Amino acid sequence: MIPHNSRVKTIVMTPGGMMLHRNPAASTYLLQDNSTKLFDTVFWNPPESERHVWKHPETWLKRPDSLRIYECHVGMATKEAKVGSYKEFSKNILPRIKRLGYTAIQVMAVAEHAYYGSFGYHVTNPFAVSSRCGTPEDLKELVDTAHSLGLLVLMDLVHSHISSNSMDGINHFDGTDGQYFHEGEQGTHREWDSRLFNYGHWEVLRYLTSNVRWWMEEYHFDGFRFDGVSSMLYKHHGFGVAFTGDYAEYFGFHVDIDACIYLMLANELIHDINRSALTIAEEVSGAPTVCQPVPDGGLGFDLRLGMGIPSMWIKLLKGDQKDEEWSMDEILHELTNRRGDERVVSYSESHDQAIVGDKTLAHWMMGDELYHCMGKNVTGNLKMERGLSLHKMIRLITYALGGDAYLNFMGNEFGHPEWIDFPREGNGFSHERARRRWDLADDEHLRFQQLEDWDVEMHKCESKYRFCRQGSSVQAVHVSNQDKVIVFERGDRLLFVFNFHPSASYTDYRVGATWPGTYEVVLDSDASNVAGLGRIHWHVKHPTTNVGASGRPHSVLLYLPARTCQVYHLETPASGFKFDPKPAKTVSEAKKPVTSATPTAAATKPIAKDNVTQTAKNAKVHYHVIGGPLPPVPTVDGESSTLDSSSGKVPSRSPTNGGINAQTRRPKAEQRDMDSSKNIGALKDLKPSKGVELSKNSNSSEGAAKSVKEAGAEVAVKSSRDSALPVENSRVVGARQNQPSPADTASAVLKSSPGDTAKADRALSKATERDPATSTTTGSFAQEVSRTAEALRNVKVKSSPVDIAKAPGKTTKPEERDLYSLNGGKTLSTAMELASQPSQGKVVESKEQVSRARSPGKDADLPQSVAKAALEQLPSKTAASTPSEKVDHRGTDKQNPSTMKESGGEAPAPRDQPRGAFDEAAAESNSGQKDDVYEELNRLVDEAISPPEKRQVASTKK
């Protein structure tokens, strides 16, 4: 019997008679010989008294609802200039991570690697624990301690390549070039100076899958982050390829099918051993199916890293662009450029961005001022104020908008200075920059502590209001390149407001809101306790008004200090306003059972019910505004209906990564192609809200006429000033049988969306697609005309929210874009397309122009005879003259700066709006509404019955 702690070598006799001394391929522990500097295998079989006894009752933890990952390196996790140990990490760092609010740790450099400076990515012995930090029992204690604190433990697993070191590792183990690897040049990664596995060899598959199982069962790891997946997927490993999103780049003979099969096997094995395990892919090319279940043809990963996000921030900070030249559209695009059915781990910086030759975000922004001006008593340094402000804003917007999970590399939460440089000959083998200066964050006199406090506050906010987790959809509200403002909704009734302008603060800035009630600030980057100036007063409550803005039925006036961000929560909903606790069902949930053997997040753990942001459980088909399934949008009546795009599809995004070369060890950008065949479907089995209630007897002419009269009377008596506007895009999606008549449809749409006659026109077009001569559902042609005319006659349209350009004496804010419109002029599908691409300086003037641009002649199916006959039955329009400048209720902005610029006009300068400007303008716009309605209806029908080419020409002349 071999004694414990014995040093062991394997002797291999080659056919040529050479004797090779090798470490066993499955060595579990090695120690370095100080004289030769070579590693020797140590037979690790301690007596029972020296073995670690697991204290935590569960082998693995269940997945947390919110995945907040703390990326860490045990060796450099000490403030002293030395190599840290597993025991020190368990005692000193794990409690700190728990206090900060993270729910998981991702441990780097676990497997043995002979070269410490490789950051653990040049593994020599895949089954062995890195002996620099302690023994196998010490690592077990670390995992056990983390589990007792409720922290998930993920391992950074390197199966994409391995060290070319043949004296310590498995390279040339039997003296040949191809035992584990491809032979010749195919088996060598010329950029990384490492060997590439031959995944087509049966024994290689057994070796690597056994390695996965070893770490899970022996050390109780809860999952893995697979390194270098992009290099594995392609035979060219990304050399000279700038992934543009063309699917030909992802499929073809250049794909390493053997590597794909291995990843499928590994993911299946991991989830078979532990159904709650998590696997994350470090994949830069944006390859599709990476996060799809294996039975569906995917690789089986649970999440992928959003690697394009940190590259964007570094590009902005290192480039020549001034802060006032930053594009809000590009920031929004990069943060949301992902497939809706893939979970993404967002992060603003990781260890990649701080490796020697680069710097942390804090150092890029503040430079050497970090050494002299981080005292709390130091004020007035503009460079420091800029750096502190942007550091907080960048982290929060990445956290809240970038994905479904969040990652941070240790120390970056408090703005760790400088860069990472492991001991090497070039720096005199110094550990000075291979450590973490925890003392900086612990010093109450320094602002490093305040930046750490900001990190804590972000996690507290997420824990309470659930804005970064699976099923939490993002809804963009407002983006202005001129004002440098981004506003979006996410989580439990949260409103995120970012003002990136370096100098302009805005008072009474009107922001659209879906939910009526009173908003209160719950997170503020300008608070004095987090290195801010304290310009936001937390005791102030912000009630909404029924004045719509940015496509929302309500709005709230806020103060936006320069270079700050705030998060507001709807603390007090309006009286009579309720939220639907039931999530909407999808086609996949109702008709397609979950057949995957690989547990996904939705299959293994039901999504927690949220009274505001709901998602369909286990759904294969989702509707997304940005990066998540749409929640039901509540109406004033207390019921809800689910938004869907007019096309029934999630619009694809065409990713371009600016020619990024994926061959580098740590690629600098990642792009996503939003197109996915699984994102096509329709929501069914939904009940209409009371605001969109249709006639129960759709085949009855009497019932239809009664429904139209009641709808018209009800809409006519409501005033835009004393009732909340219903949601425009609330639609009834269900079976096509028992459809309401065109009159019912037109009445229902006008009732749910006052002022949106264009939408009623489209609804009428869809409802009357059948030939009137052969229609059996809605009765005779004469009855069809009669009911349609009755619907138009009885509806008096309420005044829509007056655009800011129409307020007396006020000007519009240039380049404002309503990305998500409920009653303001752009369809949801168009909004998503706008959100997915940077602004090109062209302003879409009206809803009709949008629909025709997408599909010319879309309304050509409107029956000419029905439309004309219905309109002829209406009384003639009065000849009274109308004001020279009217409010366009369809959202056309006649004073839009871009439009004025094209016509030679001068764009007005933006200015803050005083409270009450909208109300005054709305009161003045009530006169002559009836004339506006008839004029609008005449124009709509004339356009609908004219040839498509004429309609397009007419729209361009508006």
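Predicted model: local features only at pLDDT ≥ 70, side-chain atom pairs only at ≥ 80, totals over all residues.
Local features require pLDDT of at least 70, side-chain atom pairs count only at pLDDT 80 or more, and totals for chains, interfaces and linings use all residues. Residues are numbered from 1 along each chain as its sequence is written, and side-chain values use heavy atoms, with hydrogens and water left out. Helices (H or I, at least four residues) and strands (E, at least two) are DSSP runs, numbered from the N terminus.

Eight strands close into a barrel. Their order is S6-S7-S10-S14-S15-S16-S17-S18, and the pairing is parallel. Two strands count as paired if DSSP finds at least two bridges between them. From one strand to the next, the twist averages 25°. Strand S6 (residues 68-73) pairs with strand S18 (residues 405-409) in the parallel sense, over four bridges. Axes are lines fitted to C-alpha atoms, for helices over the stretch in contact, and angles run from 0 to 180 degrees between N-to-C directions.

Helix H3 (residues 202-219) also meets helix H5 (residues 257-273). Their axes come within 10 Å and cross at roughly 30°. That makes H3 roughly parallel to H5, a term for angles under 35 degrees. The crossing is right-handed, meaning that the near helix is turned clockwise from the far one by less than a right angle. On the H3 side, the contact is made by Leu205, Leu208, Thr209, Val212, Arg213, Met216 and Glu217. H5 contributes Tyr262, Leu265, Leu269, Ile270 and Ile273. These residues divide into nine nonpolar, one polar and two charged. Ala, Val, Leu, Ile, Met, Phe, Trp, Tyr, Cys and Pro count as nonpolar, Asp, Glu, Lys and Arg as charged, and the others, Gly among them, as polar.

Strand S2 (residues 10-13) is joined to S3 by four bridges, and the two run antiparallel. Met13 has Met19 in S3 as its bridge partner. Five residues lie between the strands of this hairpin, in which Gly17 takes a positive phi near 90°.

An open sheet of three strands has the order S11-S13-S12, again with antiparallel pairing. Strand S11 (162-163) and strand S12 (188-189) are its edges, each pairing on one side only. S11 pairs with strand S13 (residues 194-195) over two bridges. Ser194 in S13 is the bridge partner of Ser163.

Note on methods: Parallel < 35°, antiparallel > 145°, perpendicular 65-115°, else oblique. Contact = heavy atoms within 4.5 Å.
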